[in-house]
Amino acid sequence: MKMISKTDRISVRYHSNTYDENELNSHMFIEDFGQNVVPIYGSKSEAVTCRLEPDNKEIMKSLYELLPSHRQHYRPSFNEIILETIEYIAQHLVNRGFLVLELVKYIDVNESEFYKLETVYGKDIKIKKDILTQIIPDDVAQELGKNKIDIPLKKCIVIEFPKSLGGKEKYLQFLKDFRELAKQSPMMNFLNNPLQGQAGYNLTEHQRLHDIELWKVTKIYNWPHRESSGEKFSGFYHIYRHLLFRKNKIKLRDYVIEELQKIISTLSELVLEQKAELKIEGLLTIDIVEEKLEQWKTGELDPKTISDVL
């Protein structure tokens, strides 16, 4: 771990717990949508190749510091850095609808200079002309003595939920509506359920109908929920929805890769003084999933091979 002597970071790093124990469905949806967008471990990851063009070991080494991810590796490979960064960005997009990264310059005690993209958290993020404002949650603001931080927009990279999946505003409205509906679960509100104990009331049937409504709301992204095939729908529809959900995850993944390619292309030239392009090969394509979908609809797909695309 490097000892830092100087930094030009403006944004404030903090942790604020927003987990709602009374609402689990949106948490599961966010996990399922943002995770496994790229294969990070196992045989599928070995088929993926990430490289720079032209090949440049110095830029590659600098990207280890620069790019954001959850990585904890001692000596990560370039593939691991890139794939984990893709998943990191995807998880933030499905969780918040956007991701803001501040380009921060650090100087360590040995006077060595390096750059890192630091995530800008916030109760909200507002952009006005050339200023990005980080809105701090109330509990954190009391400790800091201020509730907002202004950052020059040119110092930041802003990535919003892809328009191919509805865009930021539509997605955030979906999350809001989904959470409100999910909070009405009769099982989760058992003690406060006004219908409980009334003659003819069936809690199990109420929950079944509630679950069907949740499935309807999430049809926009074709989330297959977390239940065994055949519990509420046919096995055919269960797999069909899994395939459609995989298509949406690939749309998200491809968008994130495009944004990451722009970041590396721009910053390699701006910060590292030599332009490099990110190339990725070996990922599952939408065309292959669409082919499997057609085979599934016509009964030509062997269910045992479905795991190849899920």
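The legends below describe several close-up views of one predicted model. Residues are numbered from 1 along each chain as its sequence is written, and side-chain values use heavy atoms, with hydrogens and water left out. Because the model is predicted, local features need pLDDT of at least 70 and side-chain atom pairs count only at pLDDT 80 or more, while totals for chains, interfaces and linings use all residues.

**View 1. A cis peptide bond joins glutamate 53 and proline 54.** The omega angle of this bond is about 0 degrees, and proline 54 is placed in the loop between β2 (49-53) and α3 (57-66). Helices (H or I, at least four residues) and strands (E, at least two) are DSSP runs, numbered from the N terminus. Most residues other than glycine have a negative phi, and most peptide bonds are trans.

**View 2. Asparagine 36 and glutamate 111 each have a positive phi without being glycine.** For asparagine 36, in the loop between α1 (25-34) and α2 (43-46), phi is near 60 degrees; for glutamate 111, in the loop between β3 (98-108) and β4 (113-119), phi is about 70 degrees. Asparagine 36 is partly exposed, with a relative accessible area of 40%, whereas glutamate 111 counts as exposed at 56%. Here buried means under 20% relative accessible area, exposed over 50%, and partly exposed in between (1.4 Å probe, protein chains only).

**View 3. Phenylalanine 29 and phenylalanine 174 form one of the 21 aromatic pairs found in a search of the whole structure.** Their ring centres are 5.3 Å apart and their planes stand at 65 degrees, so the pair is edge-to-face. Rings of Phe, Tyr and Trp (its six-membered ring) pair if their centres lie within 6.5 Å, and planes under 30 degrees apart count as stacked, over 60 as edge-to-face and the rest as tilted. Because phenylalanine 29 lies in helix α1 and phenylalanine 174 in helix α6 (residues 167-182), the pair ties together parts that are 145 residues apart in sequence. Both phenylalanine 29 and phenylalanine 174 are buried.

**View 4. Phenylalanine 33 and phenylalanine 161 form an edge-to-face pair.** The ring centres are 6.4 Å apart, with the planes at 70 degrees. This pair links phenylalanine 33 in helix α1 with phenylalanine 161 in the loop between β8 (156-160) and α6, 128 residues away, and both residues are buried. Phe33 and Phe161 belong to one aromatic cluster whose members also include Phe29, Tyr171, Phe174 and Trp223.
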